[in-house]
Structure formats: C-alpha cells, structure tokens
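Okay, thanks everyone, let me get the model up on the screen.

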Amino acid sequence: MIKKVQNIKTLIPLIFLLAVLSGCAEKSVDKDYPIRSQPFTQVEVQDDFWGGRISTNHQVSIPVSLHQSTITGRIKNFEIAGGLAEGDFQSDAPFDDSDVFKIIEGASYSLHMFPDPELEAFIDTLIWKIGMAQEDNGYLYTWRTIHGDDSHDWIGSRRWERTHVMSHELYNMGHMYEAAVAHYRLTGKRDFLDIAIKNADLILEEIGPGKFETYPGHQGIEIGLVKLYLVTGNRDYLEQAKYFLDARGHDHIGEPPFWHGEPRTYDQAHKPVTEQTEAVGHSVRALYMYAGMADVATQTGDREYIDAIDRLWEDVTYTKFYVTGGIGSQRGHEGFGPAFDLPNVSAYCETCAGIANVFWNHRLFLLHGDAKYIDVMERSLYNNVLSGVALTGDRFFYPNPLESHGQHQRSEWFGCACCPSNVTRFIPSVPGYIYAQDEEKLYMNLYVSSETEFEVNGGNVGIKQTSTLPWSGNVKLEVNPVNPVDISLHLRIPGWAQNEVVPGDLYSFENDAGSEPLVAVNGETVPLDTRNGYVVIEREWAAGDIVELEFPMDIRYISARPEVKANENRIAIQRGPLVYAAEWPDFDDHSVLDLIVDKNKELYAEEHSDEVLGNLVLIRGMAEGSRYLDDGSIEVSEKELTLIPYYAWAHRGTGQMAVWLPENIEAARPRPAPTIALNSTIKASHHTVALSAINNQSVPGSSNDPAFTNYHWWPRMAQTEYIIYEFERPETVSTSQVFWFDDGPSGGCRVPESWQILYSSEGEWIPVDNLSPYEIKKDEMNEVRFEAVETDALKLEVRLQENYSSGLYEWAVK
C-alpha cells in the first residue's frame with residue numbers, strides 16, 4: 001500500500017495539487033479539457049500490483065537512474081558547463097541532458113508519496129548545478145556550453161541552427177519545462193521553475209515569425225510549453241507551442257518538406273500537421289507531437305488540430321497497433337512502417353513510444369469522453385510499458401519485441417537512455433489515469449484498488465475502490481458523499497470484457513466470453529447499456545452506497561487481420577487486460593517456436609507465486625510440439641503449455657519467447673534435427689547471443705526477413721571475420737551452405753566481398769579444395785561443394801565489403 005503524505009494541503013498550496021499531466025486550470029487560463037483527470041496527488045493506490053511498481057520505482061529505479069547518470073557523466077556535464085568542474089563532455093550525446101530532467105520529474109512525483117529527505121536534498125543540489133550550467137541569457141545546453149559551436153555534426157555554428165534536425169536543444173528544454181513545473185507544483189520551490197522560465201523567455205525572444213524560424217526535430221517542447229503556460233498564465237508560451245507545430249511542413253522553415261526528393265517523414269515535417277493523415281516516421285516524435293497538438297487545441301480551440309489527431313489515431317489503432325499495445329514496427333528509424341506491417345521478432349515497440357501512446361490516448365479521452373481511448377491506453381500500459389522495466393526495477397528494455405530467439409535481454413542502462421528515465425517519471429504518475437471528472441460526471445477508467453475524493457457541487461464525494469484486477473474481475477466501489485448528491489457515475493466496460501480486442505477490426509476474438517459483465521448498485525443489477533463504452537448510473541448517491549462490477553476473465557484467443565502476414569495462421573492469448581506469452585523456462589525442451597496451439601482445446605488459469613515473477617496467474621493446458629527427424633520429416637507430439645503475462649518475460653535468462661503462437665505446422669518452426677552443425681560448439685570473431693540462430697535449420701524467405709534472427713558483424717567493415725563449428729567428434733564433410741543477411745539500402749549490412757571454408761588439421765586451418773564456386777547471392781542458400789575431408793572443425797571465413805558489414809541467417813554443413 002502506498003501511504004499519502006499526511007495532509008498534502010498543509011504542505012503545499014492548493015494550486016500545486018492541480019493535475020500535472022493534463023486537465024490543469026491555473027491563473028489567467030480560461031480553457032481546459034472538457035474532462036479533467038483526477039490528479040495522482042489525490043489518489044491513494046492500495047493494491048500490490050501497481051502499488052508495488054510505484055514503490056519499486058522509488059526505491060530502485062530512481063536511485064539506479066541517478067547512479068547511472070552519475071557514472072556516465074550526465075550529471076557532471078552540468079558541473080563542467082557551470083564551472084564547478086573541468087573536462088570535456090562526459091557522456092555520449094547532446095540530448096543526454098534530457099535524461100536528468102526526466103529523472104527529476106519522476107523524483108518530484110515520487111517524493112510526494114514517499115517523503116525522502118536524502119533524495120530531496122540530492123535533487124535540490126542537482127537543480128542548483130543545472131542553474132549554474134545555464135548561461136546568462138537563459139540558454140541551457142551543456143554540449144555547446146562545454147565545447148562551443150560546430151563541435152558536433154548535430155549542433156551547427158550557432159544555437160538553434162540545427163534544432164530542426166538533430167541538435168535536440170528544444171527537445172531537452174521540453175523535458176526540463178515538464179520537470180520544472182512538476183517540481184514547483186509538488187514542492188512549492190521556485191528555483192527550477194525560474195530556470196525554465198528564463199530559458200523559455202530566451203526562446204520567445206529568438207525563435208518565431210520575423211526571428212529565427214525553426215521547429216524541433218524531436219517534438220516534446222510543445223507539451224512542456226503548455227505546462228509552463230498553465231503554471232504561469234503567460235500565453236506567449238502557449239503561442240510558442242503552437243508556432244512550433246505550425247512551422248512544420250513549410251519550405252521556408254528549417255529543411256524543406258522534401259529532402260533529396262524524399263518526404264521528411266522521419267520527424268513528421270513532410271507536410272503541415274493539420275494535413276497529416278497517416279502516422280509516419282519516428283514513433284516517439286510522432287506521438288509526442290500528437291499529444292502536444294491535443295494540449296494546444298484544448299487551450300486555443302483549434303478544431304483542425306483535433307480533426308488531424310482523430311484521423312491519425314484511426315490510422316495507428318486500425319492498422320499499426322501491436323496486440324501488446326506497442327507502437328513502431330521498424331527498427332531502422334524507430335518508428336512506423338506501412339499499414340499492417342507488424343513483424344514480431346523485429347518489432348520495435350519502444351518503451352518510450354508505449355508511454356507516449358498512454359499520454360496521447362489519455363488526452364483524447366479527456367477531449368472526447370470515449371472509453372475506446374482508455375481501452376487502447378490500458379493495453380499499452382499493462383503490456384508494452386510494463387515490459388519495459390524489470391520487476392526488480394533495475395533493468396530496462398528499449399525495444400519490446402513480440403518474439404525472441406534468445407537474443408533479447410533487459411539492460412542496466414543504454415548509451416541513449418531515454419527509456420529508463422522516461423519510466424522513472426511515468427510509473428509514479430499512473431494513479432492519475434484511474435479517475436476523471438466533468439462536473440457531476442465521475443469517470444472510473446482503470447480498476448485499481450485506491451481511494452480518492454472529488455468535489456461535486458461544493459461538497460466532497462469519497463470513492464473507495466477495491467479491485468482484484470488484473471488477476472480476477474471483481475470490483476467494488478464505495479461511494480461516500482458528505483451529503484446526498486446527484487452524480488452521474490461512468491463505469492468503463494473494457495473492450496476485452498465484451499467482444500472487442502481494440503477499436504477497429506485489426507484484431508478479433510476467436511472465442512466468446514463465457515458471460516457478460518455484471519453491474520449492480522446496492523445489490524440490484526443494472527442494465528448493461530453503454531454510452532461511449534461506459535455504463536452510466538445517474539442517481540442521488542448517499543454515504544454507504546455500493547457499486548459492484550464483475551468482469552468475465554475468460555481466456556480469449558485473438559487473431560489478426562489477414563493483411564498482417566506475420567500473424568498468419570497464428571493466435572495470441574489474452575486474459576483480462578493482460579496479453580500472455582510462451583517462454584522457454586516453462587518447457588522441458590526449452591523450445592517455444594515449435595508449438596502448435598489448438599484454439600478448440602480448453603486452457604485454464606492457475607495462480608502462481610515465486611521469488612522471480614512474484615504473484616501472478618499462469619495459463620496452462622495442452623498443445624503440440626514439433627521437431628524434424630533425420631530424414632527431414634516432421635514429428636508432432638503432445639506438449640504441455642504454460643503461458644505467462646507478457647510483461648513478465650525475460651526475467652529468467654535468455655531463450656525463446658513468443659506472443660503469437662502457431663495454429664498449424666505451416667506456421668511452426670519445428671525443433672531442429674541433430675545435425676553436425678546443431679551439435680557443434682560455435683565460436684566467432686564477434687560473439688553475440690544471435691550466434692545460436694545460425695545452426696537452427698530455420699531458413700528465411702529473403703535476405704532481409706524480419707521474422708528470422710540473423711547474426712552480423714556490424715559495425716565492422718573491410719576486414720576478415722569468422723565463425724567456427726567445433727564438432728562433437730571427427731566428421732567427414734563435403735558441402736557447406738550459407739544464407740546471407742543483407743538489410744538493403746536502409747541498413748549497414750550487405751552480402752560479403754568473398755568467403756571460404758577452411759578445415760582444421762593438426763592445429764592449422766587449411767582451405768578446402770572447392771569443386772564449385774563460392775557464390776554470393778541474396779535470398780537463397782549459397783552452396784559450395786568441396787573434396788571430402790575428415791576433420792573435427794570447420795571455419796567459415798568472410799571478407800567484409802569496404803563500406804559495409806555483413807551477416808548470415810544459417811550455416812549448414814553436410
């Protein structure tokens with residue numbers, strides 16, 4: 001259980017209790033979202049699922065992130081820029097300042113729930129260092145302050161010159177504004193807010209019509225400027241946010257919307273924002289922009305913005321949305337691909353994109369009052385976002401794939417650490433997504449055990465929620481107004497509790513729920529008539545009134561539209577809001593990709609608890625496993641099936657994992673036959689976990705097939721690399737086959753310049769006498785035949801091209 005700070009109103013002025021995320025009403029501000037979220041500062045979470053996550057974030061994730069920011073030099077950059085220390089820029093990239101800002105934001109939220117004098121003092125000192133790093137005119141960008149102009153390809157010869165490309169000057173400041181506003185509201189201290197205002201005033205002075213015209217290459221400052229407007233009442237900040245949005249897609253601002261003949265889709269600058277109809281480019285940039293458009297539209301009444309983000313929402317949700325709530329299918333540009341292009345192994349689904357999707361969909365709900373946006377938000381929240389941070393709070397995913405062949409594991413930190421720092425600020429804000437209000441309309445959006453208090457018609461109305469979700473479907477709401485009061489209680493009925501996976505027809509349930517949701521008031525059943533996804537109960541409420549909900553928690557099979565080729569003949573499995581996955585430790589043979597699941601067979605839920613995964617519900621049943629035999633035929637046999645919630649994967653070591661499970665042998669990948677290659681020990685000039693894929697007898701459809709794992713030598717070029725098979729015993733071999741990896745114009749790997757096979761003889765490597773040429777072809781096996789040799793090891797030697805690396809999917813030996 002998370003304890004509230006004694007009486008928050010005795011510690012900070014009432015203005016600081018207003019919502020941090022959205023729905024704020026501040027001095028001189030007369031417009032707002034039609035619906036306001038209940039601020040997380042007024043919600044006391046009382047369950048183990050989210051309460052545990054929030055506590056771990058405070059106790060582990062924030063300290064870990066501050067430690068990593070210390071040892072990687074992110075914090076020292078401010079010290080050097082402020083004259084407190086000497087040296088060069090310490091970390092990797094000019095945008096590293098933003099990580100520190102996000103952690104401060106998260107710490108500010110967390111300190112509200114967990115008074116921590118040591119952490120508070122650390123943050124106060126850190127803010128002082130940031131202030132010292134700020135230049136006299138308000139400019140704050142430690143790379144340029146330390147190294148000067150033209151010191152990095154991204155930053156240009158003067159400030160703002162390259163911000164529309166990659167400098168991230170404005171992106172950094174957006175996160176600083178958000179952190180500064182949060183810190184001010186939650187502590188009452190002005191020091192960080194004053195730093196932010198000084199910087200924002202410089203931007204107002206130097207950027208805009210008739211001044212230096214540009215826009216942020218990475219969006220985010222738009223959200224920060226609106227928050228700064230809300231806390232100060234200075235409308236110039238709001239107008240600057242709108243300028244940054246409207247500046248995109250014009251020839252005379254920044255770069256032209258076409259660059260070398262190609263649209264500037266990466267940063268959504270290919271056309272004006274109000275004309276955009278398709279989600280393209282870098283997904284985090286896009287979703288931060290869409291959220292910023294919602295904020296600006298709310299304050300300015302710009303209907304064109306709202307129409308645009310409504311169109312874009314349909315494009316994302318109906319054609320580009322992963323069943324786990326992930327966003328972004330393309331690794332190369334960390335973003336959107338074409339409609340229905342949703343690969344599983346190479347799915348990007350960046351943790352930051354999942355968080356941004358929560359931001360965006362919550363804002364759309366506040367605009368429109370439709371539960372479909374909460375359905376999308378909840379799917380991202382419980383699956384994609386939670387996968388991004390380990391249960392222990394100290395390891396993180398950047399991408400969150402839906403299938404792994406053993407090449408994925410969470411990391412302590414990243415050179416580009418946007419995801420860990422984003423997690424630290426997002427997790428403590430989750431209570432702010434549970435409830436919302438529009439005058440006498442009270443919205444129950446997420447079912448999480450918690451307490452809160454609304455003000456309705458001048459009186460207080462307490463709500464105490466007891467929920468067993470996500471493990472079972474029982475919810476109890478105690479309504480406790482000080483005096484009887486007319487309230488319109490809006491109870492969200494999740495799509496998964498009915499017959500809708502997500503809005504639209506991208507996914508469908510293959511089996512019906514065993515029952516309908518039930519709603520009762522004081523023991524009397526209420527008709528399940530929904531308005532925009534809510535059962536609405538309008539009545540006079542008195543202290544002690546009880547609302548009970550019961551959601552069906554059937555195990556549901558999900559199929560994708562046939563256009564989603566990656567999921568053809570495959571099904572996913574969901575229970576409640578949680579998507580499930582098969583993972584290697586739960587199978588005796590440690591194999592998952594060989595599974596065949598019959599959706600007509602009964603599965604059952606089973607409570608489980610262990611020290612690694614904690615308390616959760618497993619899904620169990622029977623499936624089939626498949627394997628190749630020596631003669632090339634496939635054997636299918638019964639196999640026990642165990643599934644875990646997707647968020648819980650990758651806590652027990654590396655190995656296979658899959659969300660989408662085959663329905664037939666055509667979609668399965670049978671376990672390999674015991675060939676010479678499979679039984680060999682693999683060594684290589686560059687060792688990675690992906691080496692385990694090269695002898696698994698899985699041959700892709702092309703040399704750039706995202707459904708298959710490849711091994712590569714990137715970023716090595718123009719040199720000789722190797723892989724060695726050490727056999728279990730001496731073998732006589734005469735043929736070798738290689739399927740090359742080549743990721744085309746957008747990547748850095750090509751087929752090699754040349755290759756050869758060598759065999760081991762008395763401690764030396766001797767080239768084989770080849771009887772056929774060493775062909776180098778894409779999209780097929782390249783076979784070389786040679787004079788038979790008896791040896792205990794073979795070596796594949798590869799010469800990389802001058803300007804490209806190389807790799808392969810499979811190396812077979814006969």
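So, Trp-128 is partly exposed, at 48% relative accessibility; buried means under 20% relative accessible area, exposed over 50%, and partly exposed in between, with a 1.4 Å probe and protein chains only. Trp-128 sits in helix α5, residues 117-133 (helices are DSSP runs of H or I with at least four residues, strands are E runs of at least two, numbered from the N terminus).

Quick housekeeping: this is a predicted model, where local features need pLDDT of at least 70 and side-chain atom pairs count only at pLDDT 80 or more, while totals for chains, interfaces and linings use all residues. Residues are numbered from 1 along each chain as its sequence is written, and side-chain values use heavy atoms, with hydrogens and water left out.

Next, Ser-736. Buried or exposed? Buried, with a relative accessible area of 0%. Ser-736 belongs to strand β28, residues 720-741, and its side chain makes a polar contact of 2.6 Å with that of Trp-811. By polar contact I mean N or O atoms within 3.5 Å; within protein, one must be able to donate a hydrogen and the other to accept it, and residues adjacent in sequence count only if both atoms are side-chain atoms.

Last one: Asn-457 has a positive phi, near 50°, and is exposed at 68% relative accessible area.
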